[in-house]
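The following paragraphs walk through a model one chain at a time and then turn to the places where the chains meet.

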Amino acid sequence: MAATLLAISLVVFVIINLPPGDYVTALQSRYAAQGQNLTLQDIENLRVRYGLDGNLLQQYWHWFTQIVVHGDLGMSFEHEKPVSQVIAPRLGWTLAVSVITLLVTWALAFPIGIYSAVKQHSVGDYAVTTVSFLGLATPNFLIALVFIYFSVTWFGSVPSGLCSPEWCDASWNLGKLLDLLGHLWIPMLVIGTAGVAGLVRIIRNNLLDELRRPYVTAARARGVPEGPLLRRYPLRVALNPFVSTIGWVLPLLLVGDIVVGQILSLPTLGPILLGSLKSQDMYLAGSIIMVLSVVTVIGTLISDLLLGWLDPRIRLMGAQGARQ
Amino acid sequence: MEQPLLEISGLHTSFGTYDGKVRAVDGVDLSVHAGRTLCVVGESGCGKSVTARSILRLVEEPGSIDAGTITWNGDLLEGTGEPFDVLALDPKDKRLQKLRGGDIGMIFQEPAASLLPLRTVGAQLVETLRIHTGLDKKAARAKAIELLDTVGIPDAGRRVDAYPFQLSGGMCQRVMIAIALCANPSLLIADEPTTALDVTTQARILDLIRSLQAEHHMAVMFITHDLGVVAELADEVAVMYLGRVVERASVEELFADPKHPYTKALLASVPVLGRDRGRDLPTIPGAVPGPLHRPGGCSFHPRCAEAIAGTCDVEAPPEVDFGGGRTAECVLYETEEART
Amino acid sequence: MSVANAEMKRTRASQRKLVWWAFKKHRLAYFSAWLLAAMLIVIALCEFIAPFNARHRDSEYTTAPPQVLKLWDTDGPDGFEFGLHVDGYTSEQDPRSLRITYEPDPEDRVDVGFFVKGEEYELFGLIPMDRHLIGPEDPDDPMYLFGTTTDGQDLLSQLVYATRVSASVGIIGVLLAFLLGIVLGAVSGYFGGWIDNTVQRIIELIMSVPSIPLWLGLAAAMPAQMGPVARYFIITTILALVAWTGLAREVRGRFLALRNEEFVTSALLDGSGHARVMFRHMLPSFSSHIIAALSLSIPGMILAETALSWLGMGLRPPAVSWGVQLQDASKWSVLSGAPWLLIPGICVVLVVLAFNFVGDGLRDAADPYKH
């Protein structure tokens with residue numbers, strides 16, 4: 001876990017330093033554009049101030065300790081304020097949209113996947129399989145574009161943002177909540193489709209595998225009725241990979257947010273990540289990637305803990321035992 | 001002859017595959033008598049397991065039971081009800097539910113895989129007990145520990161909370177037997193229960209089944225490919241080849257005077273201590289043909305030492321009845337039947 | 001053919017033949033394989049298949065709708081008349097928004113032919129030619145079967161060129177990833193011990209960083225003024241650098257399982273070197289699995305490239321890829337009047353599906369006992 005975070009920080013640092021030049025060169029060209037020329041001494045001072053003197057290893061150490069000790073993620077060149085101030089207000093919304101989408105994704109995928117496995121070869125199963133294949137094959141920005149097309153041709157406009165103008169500045173009440181839900185389903189649809197499609201396939205395949213196991217026949221042979229049989233036996237086992245998907249569904253949702261946020265102008269991290277990448281505002285971009293990665297790592301950790309709680313094989317024998 | 005406990009007649013079970021329909025069981029007649037042991041013996045792929053599974057209607061997609069009747073006379077013998085055809089029951093019929101795990105207990109080839117790894121053996125045992133006996137949780141748990149003790153699991157009070165993966169294969173099979181015994185069944189179907197176990201464990205499990213059978217007055221239908229097991233356990237024997245019963249006999253008759261050439265070949269291929277020293281064990285030439293390409297006429301004729309050209313490869317052999325439940329499906333005895 | 005004959009054929013068939021037979025039974029996969037074969041032809045011959053060259057631009061017709069290819073004409077001067085043609089356009093300018101809209105005009109007939117003379121190009125970069133598979137008889141006439149873009153480029157021609165770029169990014173990217181994955185996976189699974197441990201830790205670390213932000217970050221680091229060819233190769237390399245881990249795991253698992261097989265031991269005892277045993281004895285025994293895994297990882301690459309380019313972080317005009325094409329459709333004011341701009345999206349979905357089905361079909365065919 002700690003090693004993973006350290007590795008992520010290294011990767012992010014590499015990304016930050018990949019483009020030629022650093023924060024100070026960027027500042028320098030900006031001042032130059034305004035007709036101000038910095039002296040070499042000025043530049044040297046700036047470099048010391050931002051920890052950009054010394055070799056790469058020292059720079060990394062400076063950057064890393066600033067984050068760990070002071071929570072200082074560096075300066076955003078574009079927004080002209082500390083990165084943490086740019087990210088903080090948007091992180092909440094990003095997490096909210098992602099977590100709600102994750103829950104809805106599960107709530108949809110679980111019953112659909114079970115239905116499709118239990119009624120294998122039925123018309124419903126074929127429909128579900130077709131739709132989930134399509135959902136996996138369609139990039140989510142394309143879903144967003146198709147959605148926009150229909151929205152414009154039918155309603156003449158695209159509902160954007162997470163709230164209507166009249167509610168945006170209002171304090172929290174039922175009206176605002178309803179308004180939020182009215183807006184939220186669109187990003188959810190666009191972000192969640194691939195997730196639902198992927199999960200349905202996983203659940204279906206796992207359950208189909210499990211339904212053919214000897215323990216199902218054995219339980220049937222001892223008179224366990226079909227309903228409880230499904231619930232207590234194969235579903236219990238098929239639930240495990242489901243939980244372990246948090247690790248990959250969460251980043252998928254966070255990335256979907258980049259696309260949707262772009263089109264629907266949501267107050268989330270996606271749009272500013274894209275903006276910062278385009279303008280090579282590397283501290284901001286690197287920090288957002290870092291935050292997203294940390295969230296993913298935490299998600300994976302949570303799913304590992306849940307898995308251990310659900311599966312006695314992992315709890316009692318470790319992951320090695322469960323794989324056998 | 002007295003009314004059998006279970007009568008299978010004209011059973012046909014098949015599996016749809018990419019290459020066509022595989023007739024795994026192709027017209028099987030069998031009967032099991034109360035308190036007695038029937039061994040069904042044959043090479044792998046002969047349809048013996050599928051026959052056993054068909055009894056409790058456990059054949060799963062893409063398999064299906066196409067024809068036949070399976071008559072359960074258990075209720076009649078106990079005086080609690082009428083005989084009924086298991087295959088004609090609605091899947092939701094209470095009688096099917098009672099049959100599965102209630103009147104008929106069943107154990108399988110892979111004991112460890114037959115238990116759900118995520119629940120303790122106790123939980124799975126208690127579940128079955130409560131379904132068939134209506135005991136409350138506490139009583140069921142006490143009964144579960146008692147049952148585990150009966151099947152010879154040491155320290156049953158502690159083992160009841162163990163997960164299947166913490167127990168050995170032999171222990172798991174004992175647990176499966178305990179589950180099968182939950183509701184004092186009148187028939188135990190054992191589908192190669194010792195195949196996956198090592199030899200010493202195998203012997204102990206066989207001893208356990210025998211002693212439990214005596215104690216509970218159960219009938220046992222034992223599916224095996226092992227003639228040694230047959231000699232040890234069986235009262236009656238049915239020999240299967242490619243989905244059909246080719247010979248029926250009591251265990252003494254079978255070993256003393258096998259009729260069907262296949263049975264003879266099977267018996268000849270069993271090593272006997274002393275006799276076989278220094279010589280090659282006889283084997284049956286060829287292999288079991290794929291069930292898709294069943295030979296015409298008698299399905300055993302390509303491997304049969306006594307096959308009669310022009311007869312065995314053309315006509316399906318008749319079932320010759322020698323009386324006393326003894327039959328063989330072979331043209332060699334056709335004249336004999338005419339005599340008797 | 002008699003039953004015995006069939007049996008004989010089956011027992012004598014090579015492993016490769018058996019897999020192929022099983023694959024053919026998977027109808028969706030078989031059909032998809034043909035679709036992909038057709039796509040490969042388009043990639044190879046795209047200059048010939050596209051009616052116009054990639055740079056072709058007709059500022060007279062911007063955002064014109066698709067035309068319908070017609071076999072005969074009923075309202076020509078001579079009444080009913082056979083002949084492949086499309087209707088030309090009439091334009092109309094909205095007096096207030098000054099926006100020009102195009103409508104097909106049945107009066108204006110544009111004759112269409114096969115193997116027509118058009119713009120000059122070099123096939124395979126070598127053979128100078130000017131014939132196109134299909135096009136207007138008069139190269140100056142408009143023939144836009146899929147409509148035109150906001151710049152007045154022929155969407156069909158662009159799509160043909162974009163297919164070459166997007167599909168090849170996927171295929172080349174996967175091959176690169178595969179090279180890395182197979183070498184490291186093989187070494188890791190074959191030798192085990194500390195080598196395996198080290199490689200596995202590295203894979204875990206790479207896998208723990210969410211892939212798309214990583215792609216974005218690496219792609220953003222490219223200098224803006226970089227040429228399209230360099231961009232293409234860097235994007236492909238970036239995708240491969242992130243994607244090799246999955247393949248390496250797959251290969252490692254197989255090697256681990258095979259390491260103790262008898263044919264491996266006997267090959268070693270026969271004096272074969274490690275490299276020979278790994279790549280001549282072990283690898284061929286699961287080559288169908290590898291091909292299946294490859295086929296299943298191409299869609300991810302294609303989707304990633306498409307998303308990156310659409311976001312403006314991947315390939316950029318004048319390079320055309322599906323993602324670049326779809327950028328044209330991002331403005332909802334444009335999209336609402338020109339839904340045909342989404343046609344490249346259909347292409348993405350079809351090709352991704354086809355790779356998935358072929359991969360699934362191969363996997364099932366290579367693993368007859370798995371289901």
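Predicted model: local features only at pLDDT ≥ 70, side-chain atom pairs only at ≥ 80, totals over all residues.

Two helix pairs of chain C can be followed in detail. Helix H11 of chain C, residues 287-310, packs with helix H14 of chain C, residues 343-366, at an angle of about 165 degrees, and their axes are 8 Å apart. Because angles over 145 degrees count as roughly antiparallel, H11(C) and H14(C) are described as roughly antiparallel to each other, and their crossing is left-handed. From H11(C), the residues that take part in the contact include C:Ile291, C:Leu296, C:Ile298, C:Pro299 and C:Leu303, while those from H14(C) include C:Val348, C:Val351, C:Phe355, C:Leu362 and C:Arg363. Sorted by class, the contact of H11(C) with H14(C) holds 15 nonpolar, 6 polar and 1 charged residues.

The second pair consists of helix H9 of chain C, residues 262-269, and helix H10 of chain C, residues 274-285, whose axes come within 10 Å and cross at roughly 140 degrees. That angle makes H9(C) oblique to H10(C), and H9(C) passes H10(C) in a right-handed crossing. Here C:Phe263, C:Val264, C:Ala267 and C:Leu268 of H9(C) meet C:Val277, C:His281 and C:Met282 of H10(C). The contact of H9(C) with H10(C) comprises 6 nonpolar residues and 1 polar residue, with no charged residues.

Chain B comes next. Chain B contains 12 helices and 12 strands, and its C-alpha atoms fill a box of roughly 70 × 50 × 45 Å along the principal axes. How does its radius of gyration stand against that of a compact globule? For 340 residues, a compact globule would have a radius of gyration near 20 Å, and the 21 Å of chain B agrees with this.

The domain assignment of chain B gives a domain 1 written in two segments, 1-103 and 185-282, and a domain 2 covering 114-182. The centres of domain 1 of chain B and domain 2 of chain B, again over C-alpha atoms, are separated by 25 Å, and 12 residues of domain 1 are in contact with 13 residues of domain 2. Helix H8 of chain B, residues 199-216, provides the largest share of the side of domain 1 that touches domain 2, namely 5 residues. By class, that side of domain 1 of chain B has 8 nonpolar, 3 polar and 1 charged residues.

For chain A, the domain assignment gives domain 1, residues 2-72, and domain 2, residues 91-272. The centres of domain 1 of chain A and domain 2 of chain A, taken over C-alpha atoms, are 40 Å apart.

Chain A also touches both of the chains already described. With chain C, 36 residues of chain A are in contact with 34 residues of chain C. The elements that give two or more residues to this side of chain A are the helices H1 (2-17), H6 (123-137), H7 (140-155), H13 (246-264), H14 (269-278) and H15 (282-310) of chain A. Of these, H7(A) gives the most, with 8 residues. The side of chain A that touches chain C has 28 nonpolar, 7 polar and 1 charged residues.

Towards chain B, 18 residues of chain A are in contact with 22 residues of chain B. Helix H10 (214-221), helix H12 (234-243) and helix H16 (312-323) of chain A each supply at least two residues of the side that touches chain B, and the largest share, 6 residues, comes from H10(A). By class, the side of chain A that touches chain B divides into 10 nonpolar, 2 polar and 6 charged residues, whereas the side of chain A that touches chain C has 1 charged residue.

Notes: Residues numbered from 1 in each chain as written. Chains lettered and ligands numbered in written order. Axes fitted to C-alpha atoms, helices over the stretch in contact; angles between N-to-C directions. Helix = DSSP H or I, 4+ residues; strand = E, 2+ residues; numbered from the N terminus. Parallel < 35°, antiparallel > 145°, perpendicular 65-115°, else oblique. Left-handed = near helix turned anticlockwise from the far one by under 90°. Contact = placed C-beta atoms within 7 Å. Nonpolar A, V, L, I, M, F, W, Y, C, P; charged D, E, K, R; others polar. Domains from an automatic or database assignment. Rg over C-alpha atoms; globule rule 2.2 N^0.38 Å.
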